[in-house]
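Please read it alongside the sequence and the coordinates.

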Amino acid sequence: DLVTLLESRNELASFIDESQRVFGKIFSSKDIEIVVGLVDQYGFEEEAILELLAYVRRLEKKGVKYAEKIAISLYDDGITTAAEVIDRIALIERSKEDVYRIKQIFGFGARALTKTEQTLFDKWTMTYSYSVDVIKLAYDMMIDAIQKPVPKYADKIIEKWHCEGLKSLADIE
């Protein structure tokens, strides 16, 4: 079926060739099915899939299955165009940098975050779009109040600001 599909749609064969080039490996038939399915069944733009494959390669992940997992998550969020994928990848990258800085603020060093900590930090940076400076202010307020770093306590401060519509450091101050 896959051979027939590729023979009947020349543009699809070109897309598969470009996908393999971007990902840096020759795809198995299963990999091709995944990539074609993301376009045909989920409605992703071809360019969106190419961006996603390039991102997964930068992460040094080896399998197209990993790209599929991310794509389904993006699809669930209503993201299928190249521009939306590029924007989401940029947000994820900024969030990773911010989470690293937040770990330093909280004094967590190189240790892995707990699931709860990761969820809170992602919420602050990705969902609420707060800057590290805003999170540092919440940290300072928390330390003044309880003298120890407790992310759930900081979350209550940050959640209050979010509910009040305060977005920037200037709004909060």
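Helices (H or I, at least four residues) and strands (E, at least two) are taken as DSSP runs and numbered from the N terminus. The model is predicted, so local features need pLDDT of at least 70 and side-chain atom pairs count only at pLDDT 80 or more, while totals for chains, interfaces and linings use all residues. Residues are numbered from 1 along each chain as its sequence is written, and side-chain values use heavy atoms, with hydrogens and water left out. The chain contains 10 helices and 0 strands.

**Overall form**

- Along the sequence, the pattern of the chain reads α-α-α-α-α-α-α-α-α-α.
- The radius of gyration of the chain is 21 Å, whereas a compact globule of 173 residues would have one near 16 Å. This radius is taken over C-alpha atoms, and the globule rule is 2.2 Å times the number of residues to the power 0.38.
- Taken along the principal axes, the box filled by the C-alpha atoms is roughly 70 × 30 × 20 Å.
- Of the 173 residues in the chain, 39% are buried. Buried means under 20% relative accessible area, exposed means over 50%, and partly exposed lies in between (1.4 Å probe, protein chains only).
- The chain exposes about 9,900 Å², and carbon and sulfur atoms supply 51% of that area. Accessible areas come from the Shrake-Rupley method with a 1.4 Å probe; for residues, only the protein chains shown count as cover.
- Among contacts between residues at least 6 apart in sequence, 61% join residues at least 24 apart. A contact means heavy atoms within 4.5 Å.

**Charges and salt bridges**

- The chain has 24 positive and 31 negative charges, and their mean positions are 8 Å apart. Lys and Arg count as positive and Asp and Glu as negative, with His and the chain ends not counted. The place of a charge is NZ of Lys, CZ of Arg, CG of Asp or CD of Glu.
- Side chains of opposite charge can pair when their charged atoms come close.
- The whole structure holds 9 salt bridges. A salt bridge is a side-chain nitrogen of Lys or Arg within 4 Å of a carboxyl oxygen of Asp or Glu.
- One of them joins K25 and D31, with an N to O distance of 3.5 Å. K25 counts as partly exposed because its relative accessible area is 32%, whereas D31, at 10%, is buried.
- In another salt bridge, the closest N and O atoms of K136 and D140 are 2.7 Å apart. Both residues lie in helix 8 (residues 132–146), 4 residues apart, or about one turn of the helix. K136 is partly exposed at 35% relative accessible area, and D140 is partly exposed at 29%.
- The side chains of E164 and K160 form a salt bridge at 3.1 Å, N to O. E164 is partly exposed, with 45% relative accessibility, and K160 is partly exposed, with 49%.

**Loop residues with positive phi**

- E60 is not a glycine, yet its phi is positive, at about 65 degrees. E60 sits in the loop between helix 4 (46–58) and helix 5 (64–76), and its relative accessibility of 63% makes it exposed.
- Q147 is likewise not a glycine and has a positive phi of about 60 degrees. Q147 belongs to the loop between helix 8 and helix 9 (151–163) and is exposed, with 58% relative accessibility.

**Two further helix positions**

- K152 lies in helix 9 and counts as exposed because its relative accessibility is 53%. Leaving aside neighbours within four places in sequence, K152 is in contact with T116 and L120. K152 and T116 are 36 residues apart in sequence, and their C-alpha atoms are 8.6 Å apart.
- I86 is part of helix 6 (residues 82–105) and is partly exposed, at 39% relative accessibility.
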